[in-house]
Amino acid sequence: MPLLKVHASSELPADVIAQARALPEGAPVVLMIHGYGYAAGVEGRDPYQHIFAMEPSFNLHTAISWPRALGFDGSNPGEGLGIAFSWQSTGRLTRIYDMAEIAAQRLARLIGALHAATGRPVGIIGHSMGARVALRALRHAHAGQVARMVLLAAAEFQSRAEEAMASPAGRSCEVLNVTSRDNDLFDFLFEWGVAGGRERSLGNGLSQPMRNWLDLQIDAPEVIEVLEDLGYPVAPPAKRVCHFACYMREGLFDLYRQVLRQPDRLPLPFLAEALPKAQDPRWSRLFARPRTPGFALPSFQRAAK
């Protein structure tokens, strides 16, 4: 089934709902949400030519095809429904942070329509400010409409996320919050640029544990080791500062695809039990001492699936 496109400013496309109704039993529905800096139809800013394209055409150092990586390439009739949700996210950061609330309301309407058409909950993956859109949509959705969310380097505050998770839709879904110390600078600038340093971002995880929320620090050596033991080898981090490593590092989308498409095969409590209980502190990688001369990490080879 081809990738479907939905823009926040448009009415719900009839063909999207029709294809949702025609899905075979058990086929997943996954919504993809981009972050800051995109504008559909604008050259060099169009997400459908970048991370939502089967073959991205610009900024290839920050682009990987999300639909293809999640298994939505049209090659399998039972692969399910992949929907790329775009919203206008260019401009001043504080304005876009507020505009994300409007996009979230539109997203919640789409979630409701898809749930009504299919009788099953959707999965969601969002990067940066797209994670804020996903979380805010929970406040407008109904219980049972969202199964799982994968948040990548989320540009949202702890307090807002906890508010979203206290909603009926939030209490009934599971969230994998992907963090990394190479995003610390972006988290810091977000906290001060939007809230004047008065709020803490989700790069620090939640302020208190939740049974249906798991913080996954993907640059921690212990986490990389656990994921490899579980059959998800992930390339080690290559940079000390990077906002896109949470999806550009080799092997990560294999994990995200499993989490969203077959959640029963990777229960969150199982992952939580296997992973370290705490994240490394902020700046622990940026200001870490250089490795001793002659020491090198082993070369990474992606395991054959």
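## Notebook: salt bridges, a buried strand and a surface patch

I began with E163, which forms a salt bridge with R139, the closest N and O atoms being 3.1 Å apart. I located E163 in helix α5 and R139 in the loop between α4 (129-138) and β5, so this pair ties together parts that are 24 residues apart in sequence. I keep in mind throughout that the model is predicted.

I then looked up the accessibility of both partners: E163 is partly exposed, with a relative accessible area of 39%, and R139 is partly exposed as well, with a relative accessible area of 36%.

My next entry concerns E174, which forms a salt bridge with R148, and here the closest N and O atoms are 2.7 Å apart. This pair links distant parts of the chain, since E174 belongs to strand β6 (residues 174-179) and R148 to strand β5, 26 residues apart. Is R148 buried or exposed? I found R148 to be buried, with a relative accessible area of 4%, whereas E174 counts as partly exposed at 24% relative accessibility.

I went on to R285 and D219, whose side chains meet in a salt bridge (3.2 Å, N to O). R285 lies in the segment after α11 (268-274) and D219 in the loop between β7 (213-217) and α8 (221-229), so the pair ties together parts that are 66 residues apart in sequence. I noted that R285 is buried, with a relative accessible area of 18%, and that D219 is buried too, with a relative accessible area of 4%. Returning to the pair I started from, I saw that salt bridges that share partners join E101, R136, R139 and E163 into one network. My search of the whole structure found 12 salt bridges.

I also checked E156, whose place is in the loop between β5 (146-152) and α5 (158-165). E156 counts as buried, at 0% relative accessibility, and I wanted to know which side chain it contacts. A polar contact of 2.7 Å joins the side chain of E156 to that of R132.

Turning to the strands, I asked how many residues of strand β2 (residues 29-33) are buried. The count is 5 of the 5, so I regard β2 as largely enclosed by the rest of the structure. Looking at side-chain directions, I recorded that V29, L31 and I33 point one way from β2 while V30 and M32 point the other way, and that all are buried.

I followed β2 to its neighbours and found that β2 and strand β3 (residues 81-86) pair in the parallel sense over 5 bridges, with V29 standing opposite L81 in β3. Strand β4 (residues 122-127) also runs parallel to β2 and is joined to it by 4 bridges, and the bridge partner of V30 in β4 is G123.

On the surface I looked for nonpolar side chains and found a patch formed by L185, F186, F188, L189, W192 and V241, with about 520 Å² of accessible area together.

Finally I consulted the UniProt record, an unreviewed entry, which places the feature "domain: AB hydrolase-1" at residues 30-240. Over residues 30-240 I noted that the chain is 35% helix and 16% strand, and that the end C-alpha atoms are 31 Å apart.

How values were computed:
Residues numbered from 1 in each chain as written. Predicted model: local features only at pLDDT ≥ 70, side-chain atom pairs only at ≥ 80, totals over all residues. Heavy atoms only, no water. Buried < 20%, exposed > 50% of the residue type's maximum accessible area, 1.4 Å probe, protein only. Helix = DSSP H or I, 4+ residues; strand = E, 2+ residues; numbered from the N terminus. Pairing = 2+ DSSP bridges. Patch = residues over 30% accessible without salt bridge, like charges linked within 9 Å, V, L, I, M, F, W, Y side chains within 5 Å. Areas by Shrake-Rupley, 256 points an atom, 1.4 Å probe, with all protein chains shown as cover. Salt bridge = Lys/Arg side-chain N within 4 Å of Asp/Glu carboxyl O. UniProt positions renumbered as here; feature names shortened; annotations may be inferred. Polar contact = N/O pair within 3.5 Å; in protein donor to acceptor, adjacent residues only side chain to side chain.
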